[in-house]
Amino acid sequence: MSEAFPNDQLEAVARTIAELREADAVRLTQFKVELLGRKNGRLTQILRSLSTLPPDERRAVGQRANQLKREVEEAIAAREKELHTGAKSGVAADLSMPGRQVWRGAIHPVTAVIDEICEIFRELGFSRVTGPEVETEEYNFTKLNIPLDHPAADMQDTFYLSPGVLLRTHTSPVQARTMERYKPPIRIVVPGMVYRRDAFDASHSPVFAQIEGLAVDEGITFVEFKAALDYFAKRFFSPDTTVRFRPSYFPFTEPSAEVEVQCQMCKGGGCATCQYTGFLEIMGAGMVHPAVLENCGIDPERYSGYAFGMGPERITMLRYGIPDIRMLFENDMRFLQQFAE
Amino acid sequence: MNVSINWLSALLDIKLDPDDVAHKLAMLGAPVEAIEPVHQNLAGIIIVEVERVEQHPNADRLTLCHVNNGTEVVEVVCGATNVQAGKKYPYAAMGTVLPGGLEIKGRKIRGIRSNGMLCSASELELGTDHEGILELDTDAPAGTPLLDALPIGDFCLHVEVTPNRPDLLCHKGVARDLGAVLRRPVKLPPIPGDPGDSHAPVQTKKSGVVGGVEVTLEDVEGCPRYLAAVIEGVTVGPSPDWLQARLRSIGQRPINNVVDATNYMLFEVNQPMHAFDRAKLRGPKIIIRRGGESETLTLLDGEERTVDSTVTAICDAEHPVAIGGVMGGRDSEVSQQTTDVVLECAYFDAKRIRATRKAMKMSTEASYRFERGTDLQGMADAIQRAVRLIIAVAGGTEAGPPVDLYPKPVKTPAIFLRPERVAHLLGVEISQKDIEGYLTSLGFAAGPKNGRLAVHVPGWRPDVAREEDLIEEIARLRGYDSFPTEMRPLRPSSVPSDMAQVTEARVRRVLTALGLNEARTLSLGPAQGKEAQAVLNPLSTEEAYLRTDLIAGLIRSAERNWAVRERNIRLFEVGSVFHAKDGGGMPVEGRHVAGVITGARRPPHWSDGGKYVDFDRWDVKSLFEEAVQAVGAHGTVLEEEGRWVLRDGNGELCGWADEVDADRPAWAARLFGFELDAVAAPKPLIRFQSLPVTPPVERDLALLLPAEVTARQVEEVVARRGGKLLESTRLFDEFRGKDMKGRSVAWRLVFRSPDRTLRDKDVDVVLRRILEELKERLGVERREA
């Protein structure tokens with residue numbers, strides 16, 4: 001240590017800062033040890049010796065020493081960065097190099113589609129509710145006007161857990177549960193998992209999602225039913241989408257309809273996806289069957305309504321061009337990552 | 001249901017275009033899945049007359065035919081030996097493509113040019129005979145396209161029929177719906193060779209005699225109506241071409257004229273019928289009764305079945321000869337030797353047939369129809385037409401009027417339709433005249449009665465039972481597309497949205513923001529412990545149980561990702577889990593959230609110099625804590641037996657985080673996971689805290705902790721003794737030295753008073769308090785520098 005007095009020592013350290021800003025990597029490391037080393041660093045020693053100074057000097061030296069320590073640390077850090085990015089190495093920093101990233105997670109595309117569908121129906125005043133996946137025959141079939149000894153019950157091959165207890169084959173039981181608990185006006189959408197005894201293949205899964213919808217109020221007509229689903233289809237697909245209603249059969253609706261939209265692949269021209277019909281089925285729907293209203297304690301002379309059900313997996317596959325439903329359950333990172341926002 | 005366009009055309013007496021029919025049927029509720037051309041690939045084949053046949057000059061086995069094709073006579077070399085002058089044959093001119101794809105080209109055969117080709121049945125896909133040229137029995141002049149002369153060119157529509165519409169399982173029914181929109185009446189086509197008249201059945205109660213056969217109806221519940229006719233002196237053999245073509249056009253294989261006639265009736269008017277050989281019926285008797293003890297029957301398919309009391313059996317004097325409505329027995333079937341036929345035309349109870357069909361695990365064209373409901377009122381017409389058809393195709397005479405056993409005739413009451421109800425449900429005024437028009441065009445009888453319409457439902461529409469069913473018919477015929485789409489003002493729903501959905505959405509948001517991808521795994525899987533709820537009728541043992549947790553599915557997903565060499569895996573799922581209840585009953589259903597992470601903590605960056613850090617247990621701990629917070633669960637994550645757990649107020653486990661076992665390849669990193677009950681707890685409202693206006697005082701506290709003391713214990717003391725002035729505590733370092741008895745852990749404490757600037761001595765007092773208690777209670781001391 002050449003300078004005898006702390007103040008002189010400090011100023012000597014201050015002078016080295018300019019030199020430090022130009023140092024190469026080896027010299028920079030030396031500086032670090034020389035100035036800030038735990039044992040013999042010059043600043044370390046000064047700070048350690050503060051207690052030996054007279055009180056008035058101690059305060060001033062202490063402040064100056066701490067300030068210098070910060071400056072030195074900043075200068076070293078800045079120089080290290082320069083050296084690392086090559087800013088002053090004669091080669092300019094290459095800003096085309098990739099930035100630092102973080103992992104981005106994705107909502108599953110089926111969940112995203114479910115959320116989007118429910119959001120659109122929220123605009124039409126539908127609240128979002130759920131119900132149990134384990135159901136009774138009564139709620140899954142009987143209350144919905146599906147007699148167990150009628151071929152209509154075969155439309156859905158059922159997994160049973162015990163006699164009379166089953167895995168719901170559709171989200172429709174929540175219709176009955178809701179109508180029993182609340183009075184009209186009722187407007188609900190019900191997303192949830194359902195079960196059918198279908199072998200896993202490219203277009204079938206034994207477990208899949210469904211969204212049920214139900215509206216019951218005074219004066220709901222077939223015209224309003226069409227209007228609501230037409231609104232949904234145009235909001236979900238595009239405003240110029242053609243929507244078609246075809247007669248169909250579901251035991252719990254009368255009249256029943258199959259709702260179809262113009263094929264999203266060929267815009268109605270006919271292609272393999274729509275089997276050359278130009279249209280794609282997106283949901284089954286209809287006016288609530290009066291027997292269902294009666295079964296749930298609602299007077300069908302006073303109230304009417306409509307109900308619908310759709311398959312989010314199928315809609316997801318149509319929307320994103322996914323060829324195989326199994327991909328939606330494999331959870332391949334390369335697949336899921338494509339849906340990160 | 002396969003529908004022939006030719007057959008429909010015959011019923012409506014109009015030429016039909018298959019695409020137009022398909023569209024109309026779709027808009028009537030019976031979509032067409034496929035339109036299959038039948039022999040349409042014979043469009044280029046014409047009928048020719050062979051004028052002269054001579055030996056090929058250069059080949060013994062070939063002939064040279066002079067063929068009149070309607071415009072000229074051309075020479076055709078032929079290899080078959082059956083061609084005769086003066087007869088007509090199918091001919092493919094040069095350039096024609098045969099059904100097999102072969103294009104006919106003019107070429108020299110043994111020095112003589114052959115202009116086109118005379119065709120065999122197999123070359124035209126009209127049969128299996130490829131030896132001889134197909135000789136045509138036709139009046140059509142030479143040059144006529146083959147398809148114009150023979151009724152074989154057709155289109156087969158594969159119509160999807162919903163279970164409520166048994167009437168659409170036959171051509172007459174499809175034609176009826178189509179006729180209603182085409183405004184054409186439906187009329188059964190004439191039968192070629194129709195004998196012209198037949199006896200009307202004689203209706204009795206429970207027994208009658210026809211053609212010497214005594215028919216007795218005992219099981220009225222299983223068979224409310226049974227008709228039988230006897231035709232004597234038939235000649236069993238192949239059906240005429242027109243009948244074979246009809247059946248082939250819808251994919252049915254012709255068997256013999258009698259059986260083909262009954263099949264024809266099934267596909268024309270939806271009335272299954274069965275023909276017995278009278279000679280094989282003991283008695284001869286037919287008794288319709290329930291099966292008895294230890295009775296069996298060998299069916300047409302060769303299978304022997306038990307015929308017990310749940311089954312409606314058709315029996316002769318001794319044994320069952322058919323399972324009513326399902327299948328006939330082998331021993332009484334019509335064969336080449338049959339001369340006298342007993343024809344059955346019955347109505348079987350739908351539920352009974354369904355039960356029998358399910359118990360026997362078989363479905364036939366007949367059972368399919370009876371199960372959905374046949375036309376109880378059309379049976380007399382059906383049996384008369386069937387008798388005439390059999391006589392037309394197989395000869396013979398009718399042995400007196402058929403018996404018609406119908407003990408309790410069913411009278412269906414009228415349905416009353418209120419025109420204002422139609423408007424009320426459909427939202428559009430439809431005039432009573434139009435309503436009547438729509439209904440009568442479908443065969444309903446409608447007439448005004450007390451301001452309403454009294455509507456009688458025809459027998460073929462068992463699905464129509466109440467007013468709304470009629471309103472659907474009106475909407476269907478008017479066309480769904482003809483209704484406007486018009487929104488009304490809405491009243492808000494009385495149903496509140498489900499809290500759980502809000503919670504789960506929040507969990508998804510938080511976990512995706514932390515870099516995890518949402519997974520969806522199947523809730524059916526292999527058994528997971530004894531709490532797993534079994535499925536009674538699983539598809540496979542791999543999917544025989546409901547899951548009790550989500551982690552197992554996520555681990556399988558991680559393994560699948562490893563299998564495609566993906567090292568960095570971050571997945572979570574929100575889903576249902578199920579626990580069986582002791583003693584059966586409904587299992588307990590819950591919602592869980594779970595996640596797995598493995599691989600690099602961050603995407604590798606070039607500035608890391610090739611070093612990257614993998615996830616470790618501290619990552620999964622914080623992930624778990626984030627999930628706990630997102631779910632809104634109460635309680636603190638605690639350590640227990642080397643892992644972290646969350647327990648509810650009753651001490652029940654409701655979540656954990658740990659390293660998890662998996663089938664991990666050598667190159668993969670460790671896998672960490674967590675699982676948590678996704679209880680639907682409302683998040684407490686956030687209360688705003690005033691921002692501080694006074695400066696903080698920071699103190700670092702390096703402490704020596706004996707081996708058994710945990711950071712949590714230290715923090716509890718610090719928090720308690722720190723009092724109001726202690727703003728925050730952050731553990732920032734741990735050091736374990738070789739010679740140390742315990743370890744050194746360092747915290748940064750921030751002190752602040754909301755209303756004054758703290759002085760060092762204020763803080764010193766607090767620190768001393770903290771250190772005193774730490775030493776006293778935990779033996780923790782400050783570490784000297």
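Biologist: Which residue forms a salt bridge with Asp20(B)?

Modeller: Asp20(B) forms a salt bridge with Lys24(B), and the closest N and O atoms are 3.0 Å apart. A salt bridge here is a side-chain nitrogen of Lys or Arg within 4 Å of a carboxyl oxygen of Asp or Glu. Please note that this is a predicted model, in which local features need pLDDT of at least 70 and side-chain atom pairs count only at pLDDT 80 or more, while totals for chains, interfaces and linings use all residues. Residues are numbered from 1 along each chain as its sequence is written, chains are lettered from A in the order in which they are written, and side-chain values use heavy atoms, with hydrogens and water left out.

Biologist: Where do Asp20(B) and Lys24(B) lie?

Modeller: Both are in helix 2 (residues 18–28) of chain B, four residues apart, which means about one helical turn separates them. Helices (H or I, at least four residues) and strands (E, at least two) are DSSP runs, numbered from the N terminus. Asp20(B) is partly exposed at 33% relative accessible area, and Lys24(B) is partly exposed at 23%. The classes are buried for under 20% relative accessible area, exposed for over 50%, and partly exposed in between (1.4 Å probe, protein chains only).

Biologist: Arg476(B) and Glu473(B) next: are they buried or exposed?

Modeller: Arg476(B) and Glu473(B) are both buried. Their side chains meet in a salt bridge of 2.8 Å, N to O. They lie three residues apart in helix 12 (residues 467–478) of chain B, about one turn of the helix. Both also belong to a network of salt bridges that links Arg165(B), Asp167(B), Asp177(B), Arg461(B), Asp463(B), Glu473(B) and Arg476(B).

Biologist: How many salt bridges are there over all chains?

Modeller: The count comes to 74. One of them pairs Arg235(A) with Glu123(A), with the closest N and O atoms 2.5 Å apart. Arg235(A) lies in helix 8 of chain A and Glu123(A) in helix 5 (residues 109–123), so this pair ties together parts that are 112 residues apart in sequence. Arg235(A) is partly exposed, at 39%, and Glu123(A) is partly exposed too, at 41%.

Biologist: Let us turn to the interface. How many residues of chain A are in contact with chain B?

Modeller: 102 residues of chain A are in contact with 90 residues of chain B, contact being heavy atoms within 4.5 Å. The two chains bury about 8,600 Å² between them, 56% of it on carbon and sulfur atoms. Buried area is the accessible area (1.4 Å probe) that two parts lose on being put together, summed over both. In chain A, Trp103(A), Pro247(A) and Met333(A) lose the most area to chain B, together 10% of what that side buries.

Biologist: How many salt bridges are counted between chain A and chain B?

Modeller: There are six between chain A and chain B. In one such pair, the side chains of Asp608(B) and Arg100(A) meet at 3.3 Å, N to O. Helix 8 (residues 222–236) of chain A gives the most to the side of chain A that touches chain B, with eight residues.

Biologist: What about Lys226(A), and which side chain of opposite charge is nearest?

Modeller: Lys226(A) is found in helix 8 of chain A. Lys226(A) is buried yet has no salt bridge, and the nearest side chain of opposite charge is Asp481(B), 4.5 Å away. For charge, Lys and Arg count as positive and Asp and Glu as negative, while His and the chain ends are not counted. Not counting residues up to four places away in sequence, Lys226(A) touches Phe245(A), Tyr480(B), Asp481(B), Phe483(B), Pro484(B) and Thr485(B).

Biologist: Now the backbone. Which peptide bonds are cis?

Modeller: Among them is the bond from Pro184(A) to Pro185(A), with omega near 0°. Pro185(A) is found in the loop between helix 7 (173–181) and strand 5 (186–195) of chain A. The bond from Glu254(A) to Pro255(A) is also cis, with omega near -5°, and Pro255(A) lies in strand 8 (residues 253–262) of chain A.

Biologist: Finally, what is the phi of Asn270(B)?

Modeller: Asn270(B) has a positive phi of about 65°, although it is not a glycine. Asn270(B) is in the loop between helix 6 (257–269) and strand 15 (273–277) of chain B, and is buried at 4% relative accessible area.
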